[in-house]
Amino acid sequence: MDGSDKEVGAADPQTSSVAAQKTINLALQGGGMHGAFSWGVLDRLLQEERLAFDGITASSAGAVNAVVLADGLAAGGRDGARRALRSFWQELSARSSRSIFRPSLIDRMNKKHGLDHSPGFLLMEALTYFASPYQVNPFNFNPLRNLLEEFVDFDRVRRQRNVKLFICATDVRTAKVKVFSGEQISAVHVLASTCLPLLMHAVEIDGEYYWDGGYAGNPAIFPLVYECEARDILLIQITPAERAEIPTTSMAIMNRIQEISFNTALIREMRAVSFINRRIDEGKMQGKLMRVHVVEAEDLISKLSASSRLNGDWSFLTFLHESGRERADDWLKANFDRIGVESTVDLEEKYF
C-alpha cells in the first residue's frame, strides 16, 4: 500500500512530536521526467512529521519540484505540498500525452520506458544533429512556462518562509553556476534552470543567458552550507554517476556525456565537504561538520533508456514515484536516528 492518498496535516509546534523533530536540507537533482522519482521521495518525507526542512537547493526538474513544494507548503502545509506535487505531475503527464514526445505502443511495452520508437522523438533527435532550437523553434515555444504559471503562485513562493529556496542555473558565457534565491524566484528562473540547450533557447535574465543548472551544479551544495542553519543535507540523486557499460551508439554517448557533466560539479563539492569535515575532526580547522545523506536512484535510472527522461507517460511517472516513496521509506527506517548525529554515506568512498 503506497499511502500516497493519506492526509497528513502540518505539524503543531506545541506537540511533543515536533519537539523531537529533526531538521534537514534537501538537494534535488535534475533529470527531466526522472524527477518523478524525487516527487516520490518528497511525498514520503512530507508524511514524516518528525522531519522539518530548512533549505532546498535544486536544479532543472529538481527546481520544478522545489517551487511546487514550497508553494504547496505555503498554501496548505504538508498536505497542500503533497497535493500540489501530485496535481502538477498529473497535468505534466496529460500535456505530455498531447506532445510529440509520446511513447509508441512498442515503447509502452518496453521495460526501459524510452521513446526509441516514438516518431516525434525520432524526428526531434534527428533535427538536433544539424539544426539548433533557434532554427527549429524560432518563436521559443516552451510549454513548461504556461504550466508553471498556472500551477505555481510565484508571489506566494517569494513571500513564504517555510523553506529557503536556491535555484541553480548555468551562465552560458562564464560557465559559472548562478544561484537564484528567495525573493528573486519567478517562473523565468525555473525555466533558466531547466533549459536544455539542444531543445530550448538560452533564457535571458538581466542581460545574462542561462542553460540548465545541472551543467554547473546538480545541484549546488554551497548555499546550504553558507545560508542554512541545518547541518544535515539529504541529496536525492537521480543522475547515474557510474555505468558499467561503455556507450557505443551516438545517443548513448551523448547521454553519458551529459551524465558526466551533470555529476562533475557535485562530486567536486562533496569532496570539498569531505575534506573540510576531516580537517575539523582533526582539529586543524574551526567550523561545523556537514552531515550528508543520500537517497539514490542510480541503479534504477541506469536500467532505463536515455530517452526515458522525456517520457511523460503516467504509468511510467507513477512507477518512478512509487520507487521514490519506497526508497525514502527504507532510508527513514534505517537512518532516521542518525540524522543530526553522523553522515549516513561515506563521502570518501562514494566521491573519491
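Reader: Is His113 buried or exposed?

Author: First, the ground rules: this is a predicted model, where local features need pLDDT of at least 70 and side-chain atom pairs count only at pLDDT 80 or more, while totals for chains, interfaces and linings use all residues. Residues are numbered from 1 along each chain as its sequence is written, and side-chain values use heavy atoms, with hydrogens and water left out. Buried means under 20% relative accessible area, exposed over 50%, and partly exposed in between (1.4 Å probe, protein chains only). His113 has a relative accessible area of 19%, so the residue counts as buried.

Reader: And Ala175, buried or exposed?

Author: Ala175 sits in the loop between strand S3 (164-171) and strand S4 (177-181); helices (H or I, at least four residues) and strands (E, at least two) are DSSP runs, numbered from the N terminus. Ala175 has a positive phi of about 70° although it is not a glycine. Its relative accessible area is 59%, so Ala175 is exposed.

Reader: How far apart are the C-alpha atoms of Leu28 and Ala58?

Author: Leu28 is found in strand S1 and is buried, with a relative accessible area of 1%. Not counting residues up to four places away in sequence, Leu28 touches Ala58, and Pro219 is also among its contacts. Leu28 and Ala58 are 30 residues apart along the chain, yet the separation of their C-alpha atoms is 4.6 Å.

Reader: Which residue does a cis peptide bond join to Pro219?

Author: Pro219 lies in the loop between strand S6 (208-212) and helix H10 (222-227). The omega of the cis bond is about -10°, and the partner of Pro219 is Asn218.

Reader: At what angle do helix H3 and helix H7 pack?

Author: Two packed helices are described by the angle between their axes and the distance between the axes. Axes are lines fitted to C-alpha atoms, for helices over the stretch in contact, and angles run from 0 to 180 degrees between N-to-C directions. For H3 (residues 61-96) and H7 (residues 143-151), the axes are 10 Å apart and the angle is about 145°.

Reader: Which residues does Phe88 touch?

Author: Phe88 is one of the H3 residues that make the contact with H7. Leaving out residues up to four places away in sequence, Phe88 touches Val64, Val68, Leu144, Leu147, Leu148 and Phe151.

Reader: Last one: how far apart are the C-alpha atoms of Ser96 and Ile205?

Author: Ser96 is in helix H3 and is buried, at a relative accessible area of 8%. Ser96 and Ile205 are 109 residues apart along the chain, and their C-alpha atoms are separated by 27 Å.

Notes. Contact = heavy atoms within 4.5 Å.
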